[in-house]
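Please examine the sequence and structure shown below.

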Amino acid sequence: MTHADTVLDLIGRTPLVRLNRLVDPATMATVLVKMEQLNPGGSVKDRMAVNMIRRAEEAGLIKPGATIVESTSGNTGLGLAMTCAVRGYRCVFTIPDKMSKEKIDMLKAYGAEVIITRTDLDHDHPESYVQVAKRIARETPGAFYTDQYENMTNPEAHYLTTGPEIWEDTDGKIDALVGGIGTGGTISGSAKYLREQAAKAGRELKVICPDPEGSIYKDMLEKGTHEPPSIYRVEGIGHDFMVGTLDFGVIDEVRNVSDKDSFITARRLAREEGIFCGGSTGTAVFGALEVARELGPGKLVVCILCDSGDRYLSKCFDDDWMKDMGYLGATERLGTVREVMQFKDRHVEFAQPDETLVTVAHRMNQFGISQMPVARTNGDGFFMIHESDLLQSLVDGRCAPSDTAVAVAKPMQGIVSLDDPLSRVQRIFDEDNIAVVVENDVVTGIISKIDVVEFLAARS
Ligand SMILES: Cc1ncc(COP(=O)(O)O)c(C=O)c1O
C-alpha cells in the first residue's frame, strides 16, 4: 500500500515543464518552469515552512501546544498553517492589507488567526506586520516566531531540495536560473547548490532575479545602498529592507519588472501555456523570457514559479481590477486579433516582386487599399508597399512607373499574431501603420482601423 503519512510528505519533487507558446525556439533558449504552485499548500513556501518547523522541533524550540507566529505576505503563512494543522500547533499571522482577500480567507480556512496591518508603514514602525508579529510572539506564552527573514533553515530547505531537484531533472545542463526574491530563501538556497554542482561539472551558471520596480534589491546588489522604496502591487517578492536569508553572493543580477508586465505575463502564462500562477510568477517568467532571448537557442533557462493563481482571482485575473489599476487598457478587454479576423474577410491582395509600379497602383485603386504586402519568394523577409512611398518615389523621380514593386517596398511593420490583444493593434495604428497578421510565417490578414471599428460596433 503506497500512501503519504501526512500531506506534508507531498511537499517538493515538483516537475519541470517546458514553455512552448511564449518561447520562439528559433530565437530563444529553452525555458523550463519549476511548478512550485503544485505543492500541497499551493506555493514554493511550503518547503521552507515545514523545514523551519522541523528544525525548531529538532532544536527543542517548539513544544506540544505551542503557538507559531509569523509575518507573511500569505504563502509562508499557508505553508505554516498547513504544517501546524498536521502538527497540532496554534498559528497567528500578520499580513499587510495589500495582500489578496483570497490569501486571508485561505489562512483562516486552515484555522489560522490573522491580523491585517497597514502596507504603507516602514518595516520598523511598531504597527508594521513584522513588528506586530514580533510583539505577539513576545507576549504569547509558548510562542515561537519563525522569523522567515532571518531564519537560515529557510534557504536551507531549498539547498536540500529545490536545487538538487533542478540539477537532477536537467541532467546538470542548466545555463541560467531565474527566480524572484522575497526573503531570498528560494533563490539563495537553490543557487548555492546549483553553483556548487556547476563548478564541479566545469559549467557556467547565470543566476538572475526579476524584481518589482520599487523594491530595494537591485540597488542593494549593485550599489550596497538604495533609493527610497515605493509601493508596488505584485505580492510576495521585492522588499523595503534587507534580510538575512538573502545571499547576494550567489546572484549575478537583479533586474526590475513593472507591475503591468508582471500581471500581463501571469495572464498570458495561464492563457497560452495553461499554467495558472500569480503575479510574482509573472515577474519571474517575464525575466526568464528576456534571459532566453539573450542566451538564444541551444541554452537552457530554468524559472522557479511561485504560487497558484487562485489567490489572485480578485486581482490580476479580474479584468475590471486590471483596468482600474491601469494595467489593462480598455482595448485589451475588447478582444484579440483572432476575434477581428473571425469577423472580417481574410482575403489579402499581394504585389508580386516583379510587378510594375503602375499595375500595383492600378490594383490598389481597384481594391481601394493603400498598402500591399509583397509576395514572398524563397523565404525573403516581409515587405510592404505603401501608397505614400509609391507616390513619393514617382514624384521625386527616384522611380519610373515601369520599375518593379521591390523598388519601393519597405520592411514590414506592425506584424501581429492571432492571440495578440487589440491594444497591440492600437499601438500599431498609433505608429500610423496597419496591422499585418502573420501565422506560421505567412501573411494571412490585414487589419485596418475601419476593420476594428466595424468589429467593435458589431460586437457592441
Ligand atoms: C508569491 C510569492 N512569490 C515569491 C516569493 C519569494 O520566495 P522567497 O521568500 O523564498 O524569496 C514569495 C515569498 O513569500 C511569495 O509569496
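The points that follow are grouped by topic. The model is predicted, and the values given here are computed from it.

**Helices α5 and α6**

- Helix α5 covers residues 153-169 and helix α6 covers residues 185-200; their axes come within 7 Å and cross at roughly 50 degrees.
- The two helices α5 and α6 are therefore oblique to each other, and their crossing is right-handed.
- On the α5 side, the contact is made by N154, P155, H158, Y159, T162, G163, P164, I166 and W167.
- On the α6 side, G185, T186, G189, S190, K192, Y193, L194, E196, Q197 and A198 take part.
- By class, the residues in the contact of α5 with α6 comprise 8 nonpolar, 9 polar and 2 charged.

**Helices α12 and α13**

- Helix α12 (residues 357-367) packs with α13 at an angle of about 140 degrees, the axes lying 11 Å apart.
- This angle makes α12 oblique to α13.
- The crossing of α12 and α13 is left-handed.
- From α12, the residues L357, A361 and M364 meet E387, L390 and L394 of α13.
- The contact of α12 with α13 contains 5 nonpolar residues, 1 charged residue and no polar ones.

**Residue S393**

- S393 is located in helix α13, which spans residues 387-395.
- S393 counts as buried because its relative accessibility is 0%, and the cut-off for buried is under 20%.
- Apart from neighbours within four places in sequence, S393 is in contact with R398, C399 and V408.

Definitions and conventions: Residues are numbered from 1 along each chain as its sequence is written. This is a predicted model: local features need pLDDT of at least 70, side-chain atom pairs count only at pLDDT 80 or more; totals for chains, interfaces and linings use all residues. Side-chain values use heavy atoms; hydrogens and water are left out. Helices (H or I, at least four residues) and strands (E, at least two) are DSSP runs, numbered from the N terminus. Buried means under 20% relative accessible area, exposed over 50%, partly exposed in between (1.4 Å probe, protein chains only). Contact means heavy atoms within 4.5 Å. Axes are lines fitted to C-alpha atoms, for helices over the stretch in contact, and angles run from 0 to 180 degrees between N-to-C directions. Angles under 35 degrees count as roughly parallel, over 145 as roughly antiparallel, 65 to 115 as roughly perpendicular and the rest as oblique. A crossing is left-handed if the near helix is turned anticlockwise from the far one by less than a right angle, and right-handed if clockwise. Ala, Val, Leu, Ile, Met, Phe, Trp, Tyr, Cys and Pro count as nonpolar, Asp, Glu, Lys and Arg as charged, and the others, Gly among them, as polar.
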